[in-house]
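Open the model in your viewer and keep the selection panel at hand. The tour below goes from one selection to the next and says what is there.

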Amino acid sequence: MGQIVPDAIERYLSGLNQLPDSVLLDVARAGDAQDLPLVDAEVGALLRVLATAVGATRVLEIGTAIGYSGIWLAGALPANGMLLTMEMDQKRAAQARENFVRAHLADRVNVIVGDAQRLLAKVSGPFDLIFQDGDKRHYIPMLDRLVDLLRPGGLLVTDNVLWDGEVVPGFVKRARRDAEETRAIAEYNVQLNRHPGLMTAIVPLRDGIAISVKRTTGRSG
Ligand SMILES: C[S@@+](CC[C@H](N)C(=O)[O-])C[C@H]1O[C@@H](n2cnc3c(N)ncnc32)[C@H](O)[C@@H]1O
């Protein structure tokens, strides 16, 4: 359970979110066994709702891990849609590919192995939705490039922006997260909210999700 939403509320939300998909359950279990910080099913459902709401056909993800969030995202795509997902760890990328096959989504997913910071220069947009869930210290360096890659009206969704509440001074008695990452996320949240090309709202679900829409015109509020 996370630190932000009380356990009882998280259990309630998770009880409502019926997960008929056995592949997703298996991948979540594999992630737990490997101690991987995957999104949970409630965030997965949010990603699928957002991708569906913007009629996404092209989605970019930074930080595939073993494909859990990718399955939620790719499940929202039409048959001719494409999820491009980047992972620097070869073993995880290989597991993700297997999991996309098991989820019958391999035809619309391209797992690219490498450092997203470098790969982003070679990718062409526009994307309808970008999910940023890679290294927290890279959030700021990647921000402008990700905004460039979005279509106007497209969504940049960023995970972990509340970082167990540690971005809020005094929220926890003893910090458990890496201080450099905490500072990077806190500064990212400021830049995201001030970014002239974006309009942002933060949802305090799980570890905090920022949802930013790329503005179609000049800033108006
Ligand atoms: C939080 S996990 C992703 C979890 C996944 N999105 C999910 O919820 O199922 C972050 C992943 O990003 C990868 N990563 C970190 N920095 C990266 C980078 N610069 N380029 C590509 N992948 C990166 C890590 O290896 C790790 O597997």
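**First stop: the cavity**

Select Glu10, Leu13, Asp40, Glu42, Leu205 and Arg206, which line the largest cavity. A cavity here is a set of points on a 1 Å grid over the protein atoms alone where a 1.4 Å probe fits but cannot get out, and lining residues have an atom within 4 Å of a point. The volume of the largest cavity is about 40 Å³, and the structure holds one cavity of 30 Å³ or more. Grid points are joined across faces, edges and corners, and the volume is the space filled by probe spheres set on the points.

The model is predicted, with local features needing pLDDT of at least 70 and side-chain atom pairs pLDDT 80 or more, while totals for chains, interfaces and linings use all residues. Residues are numbered from 1 along each chain as its sequence is written, and side-chain values use heavy atoms, with hydrogens and water left out.

**Second stop: the ligand**

Now select the ligand, which sits in the largest pocket. A pocket is an open set of grid points with protein on both sides within 12 Å along at least five of seven lines, and sitting in it takes more than half of the molecule's atoms within 2 Å of its grid points.

Show the 20 residues that surround the ligand; Val39, Gly63, Glu87, Arg92 and Asp133 are the closest. A residue belongs here if one of its heavy atoms lies within 4 Å of the molecule. The shell has eight nonpolar, six polar and six charged residues. Helix 4 (68–74) and strand 2 (82–87) each supply at least two of its residues; helices (H or I, at least four residues) and strands (E, at least two) are DSSP runs numbered from the N terminus.

- Glu87: a polar side-chain atom is 2.6 Å from an oxygen atom of the ligand.
- Ala116: a polar backbone atom is 2.8 Å from a nitrogen atom of the ligand.
- Asp133: a polar side-chain atom is 2.8 Å from a nitrogen atom of the ligand.

The protein buries 93% of the 600 Å² that the ligand exposes when taken alone (Shrake-Rupley method, 1.4 Å probe).

**Last stop: two backbone details**

Select Gly125 and Pro126: the peptide bond between them is cis, with omega near 0°. Pro126 is in the loop between helix 6 (116–119) and strand 4 (127–132).

Conventions: A polar contact is a pair of N or O atoms within 3.5 Å; within protein, one must be able to donate a hydrogen and the other to accept it, and residues adjacent in sequence count only if both atoms are side-chain atoms. Ala, Val, Leu, Ile, Met, Phe, Trp, Tyr, Cys and Pro count as nonpolar, Asp, Glu, Lys and Arg as charged, and the others, Gly among them, as polar.
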